Amino acid sequence: MILSVDELRFLYRNHEVLADIAFSINEGEIVAILGPNGVGKTTLLKCLNRILTPEGGAILLEGDDLSRLGMMEIARKVGYVPQRVETGRLTAFDAVLLGRRPHIGWDVTEKDLKVVDAVFRRLQMDHLRLSYIDEMSGGELQKIAIARAIVQEPKVLLLDEPTSNLDLKNQVNILSIIAQIVREHHIAAVMTMHDLNQALRFADRFIFLKGGRVFSHGGHDVISPGVIEEVYGLPVVIGELGGVRCVVPAGEACGLLND
Amino acid sequence: MHFADGEVPADYLGYVRNKVFWILGGLLVLLVLLVYSISVGAVEIPISDVIATLLGQNVSHKWDAIIWNIRLPQALTAIAAGVGLSVAGVAMQSILRNPLGSPFTLGISNAGAFGAAVSVIVLGTGTMQSRVADAVTINNPYLTTIMAFLFCLLATAVILLISRIRGASPEVMVLAGVALSSLFTAGTMFLQFFSNDAQLAAVVFWTFGDVSRANWPELALIAVIVAGATIYFVANRWNYNAIDAGDETAKGLGVNVERVRLVGMVVAALVSAVIVAFLGVIGFVGLVCPHMARRIIGDDQRYLIAGSCVMGGILLLASDTVARLIVAPYVLPVAVLTAFMGAPVFIYLLLRGYRR
């Protein structure tokens with residue numbers, strides 16, 4: 001077990017956003033945090049590396065209490081890919097090199113440069129090395145952000161809607177990369193997602209949030225029309241298409257929305 | 001997680017070397033400009049004599065007196081102030097996540113001007129004389145400087161206080177700075193309205209930033225503060241790079257964004273306050289020199305901070321040199337020239353876009 005969360009509670013201006021959150025994550029697993037807009041998915045993700053400070057509960061990272069670790073120590077173990085990536089007049093190599101920040105003393109070492117180079121090769125982005133990130137497409141930029149988190153050499157990767165602005169090919173491409181890295185390096189990934197079909201395809205476990213609490217939590221078996229309707233308030237059907245499980249809004253759902 | 005198969009990419013090393021060459025080239029230009037600046041003025045000194053005198057050879061007593069007592073401190077003050085304003089500007093642009101960030105965004109120059117106005121008008125430290133070359137004199141420069149400095153610090157303290165209450169977000173800092181600027185401007189106007197001609201002239205004169213006001217002791221103080229601040233900003237270059245990538249990315253990389261922002265703001269404010277208090281208001285350098293450097297060596301703070309320092313030193317020294325020549329034997333305050341000199345260069349760089 002890499003990460004375990006117990007009785008996590010988070011308040012925003014005395015308003016309870018998250019309560020009674022409990023789950024654990026093993027090496028080599030991808031966990032999808034699912035739920036409607038505004039339910040606290042991103043908040044939960046940010047509590048997992050203490051970008052936000054929870055009100056109560058315990059988060060253990062490889063057995064260490066997260067609240068006892070410094071920000072730099074956490075950054076050496078947890079990589080974070082936010083939803084929004086800022087650009088600037090920076091080469092892709094420099095932008096990714098920034099991910100070595102938690103490991104860098106006064107200046108970069110040969111090792112830092114080698115790790116960044118290896119990640120560029122691994123993600124097949126060598127050709128982008130000296131491109132400026134302010135001239136890149138959304139898909140390339142997202143890869144840069146993920147590469148930046150990977151060169152942190154983390155045990156856990158946190159990704160906030162990693163595919164939200166991407167076309168279909170880039171979505172599959174990015175999620176495949178994450179899945180491969182997680183399996184190859186025996187780390188774990190936690191991502192918030194809206195696309196249930198991509199979640200079904202790439203995640204091993206699912207956490208459904210409703211009203212700031214865990215509504216349902218488990219493997220593929222928790223994905224059922226009943227759970228999804230309860231969480232999203234929309235009837236769905238789940239079927240197989242070309243050997244792949246997919247979720248689509250039920251026929252009556254569309255009529256229901258037209259009323 | 002382990003990545004063992006990487007190499008140090010040669011093309012990247014070449015790219016980095018290129019940036020270093022630009023900075024070293026800038027330093028060389030600055031050095032040449034320094035020697036030239038010392039040689040020209042009301043009395044022309046041959047370049048060879050300037051170099052010999054600077055190297056400690058006793059060429060002539062007259063040259064010694066002019067160079068060591070007047071021209072060298074003035075030129076070095078221009079460099080120190082240019083470096084200080086520019087480095088404070090590049091830090092503020094990162095801290096405030098705003099390309100319009102400069103040492104004066106927080107209302108510091110207007111606070112300093114208000115402090116000087118209080119000193120001149122209320123405490124009576126300014127008078128007017130009949131000589132054209134130096135028509136207006138601040139007859140108690142120390143008190144004026146101290147008052148200007150105190151009000152600069154006051155402005156900083158108010159913004160710090162607001163940041164503590166509302167959180168150190170860039171928006172809060174920028175807007176608080178704009179509000180303070182207007183407040184101090186209004187305060188200065190109020191005082192000016194009730195002042196006599198001599199006081200009014202003295203206040204206006206004070207606000208024209210002028211590097212010739214400093215002598216060795218003032219220069220030493222400015223240089224120490226500027227050097228300390230530059231070292232601080234360079235030490236934080238990775239944190240500023242992280243903040244440039246977005247607050248959340250920075251926090252995910254272990255950067256204490258709020259603290260870096262607050263401390264950086266205080267350091268930048270202190271540098272600006274010292275420069276404003278001793279030299280008056282010198283605009284444009286802090287805002288534009290970092291952008292000139294960005295156009296040439298990009299946004300990576302590892303090179304940008306050094307590049308901005310060099311650019312600031314060059315612009316202010318060049319402006320001061322021209323200010324001493326353009327209406328010789330009279331000397332214009334350098335603040336008049338910085339925008340005249342810098343704006344065309346900057347507009348050219350804007351039009352040309354980034355260097356590929």
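Student: Which residue just after helix 11 of chain B takes a positive phi?
Tutor: The model is predicted. In it, helix 11 of chain B covers residues 257-279. Just after this helix comes a residue with a positive phi of about 90 degrees, and that residue is B:Gly280.

Student: How far apart are the end C-alpha atoms of helix 11 of chain B?
Tutor: The helix has 23 residues, and at 1.5 Å a residue they should span 33 Å.

Student: How many residues of helix 11 of chain B are buried?
Tutor: A residue is buried if 20 or more other C-beta atoms lie within 10 Å of its own. Helix 11 of chain B is mostly covered by that criterion, and of its 23 residues the buried ones number 17.

Student: What distance separates the C-alpha atoms of B:Asp197 and B:Val255?
Tutor: Along the chain, B:Asp197 and B:Val255 are 58 residues apart.

Student: What is the radius of gyration of chain A?
Tutor: Chain A has nine helices and twelve strands, and its C-alpha atoms fill a box of roughly 60 × 40 × 35 Å along the principal axes. A compact globule of 259 residues would have a radius of gyration near 18 Å. Chain A agrees with that, at 19 Å.

Student: Which strands stand at the edges of the open sheet of six strands in chain A?
Tutor: The order of this sheet is 6-7-8-3-9-10, with mixed pairing. Neighbouring strands are turned by 15 degrees against each other on average, direction ignored. An edge strand pairs on one side only, which is the case for strand 6 and strand 10 of chain A.

Student: Which residue stands opposite A:Tyr80 in strand 7 of chain A?
Tutor: Strand 6 and strand 7 (residues 156-160) of chain A pair in the parallel sense over four bridges. Across this pairing, A:Tyr80 stands opposite A:Leu158.

Student: Which helix packs on the sheet, touching strand 6 and strand 7 of chain A?
Tutor: The direction of this helix makes about 170 degrees with that of strand 6 of chain A. Another helix, helix 8 of chain A, touches strand 9 and strand 10. The one touching strand 6 and strand 7 spans residues 138-150 and is helix 5 of chain A.

Student: Why is strand 3 of chain A described as largely enclosed?
Tutor: A:Ile30, A:Ala32 and A:Leu34 point one way from the strand, while A:Val31 and A:Ile33 point the other way, and all are buried. Strand 3 of chain A is therefore largely enclosed by the rest of the structure, the buried count being five of the five residues.

Student: Which residue of strand 9 of chain A is the bridge partner of A:Ile33?
Tutor: Four bridges join strand 3 of chain A to strand 8, which run parallel, and A:Ile30 stands opposite A:Ala189 there. Strand 3 also pairs with strand 9 of chain A in the parallel sense, over four bridges. In strand 9, the bridge partner of A:Ile33 is A:Ile207.

Student: Which strands stand at the edges of the open sheet of four strands in chain A?
Tutor: This sheet has the order 2-1-4-5 and antiparallel pairing. The edge strands each have a single partner strand, so one side of each is left without a neighbour in the sheet; they are strand 2 and strand 5 of chain A.

Student: Which residue takes a positive phi in the hairpin of strand 1 and strand 2 of chain A?
Tutor: Strand 1 and strand 2 of chain A pair in the antiparallel sense over seven bridges. Bridge partners include A:Phe10 with A:Leu18 and A:Val5 with A:Phe23. Two residues lie between the strands, and the positive phi, near 45 degrees, belongs to A:Arg13.

Student: Which helix gives the most to the side of chain A that touches chain B?
Tutor: In total, 36 residues of chain A are in contact with 28 residues of chain B. Elements giving two or more residues to this side of chain A include helix 2, strand 6 and helix 3. The most, seven residues, comes from helix 4 of chain A.

Note on methods. Residues are numbered from 1 along each chain as its sequence is written. Chains are lettered from A and ligands numbered from 1 in the order in which they are written. This is a predicted model: local features need pLDDT of at least 70, side-chain atom pairs count only at pLDDT 80 or more; totals for chains, interfaces and linings use all residues. Two residues are in contact if their C-beta atoms, placed from the backbone, lie within 7 Å. Two strands pair if DSSP finds at least two bridges between them. The expected span of a helix is 1.5 Å times one less than its number of residues. A residue is buried if 20 or more other C-beta atoms lie within 10 Å of its own, exposed if 12 or fewer, and partly exposed in between; C-beta atoms are placed from the backbone. Axes are lines fitted to C-alpha atoms, for helices over the stretch in contact, and angles run from 0 to 180 degrees between N-to-C directions. The radius of gyration is taken over C-alpha atoms; the globule rule is 2.2 Å times the number of residues to the power 0.38.
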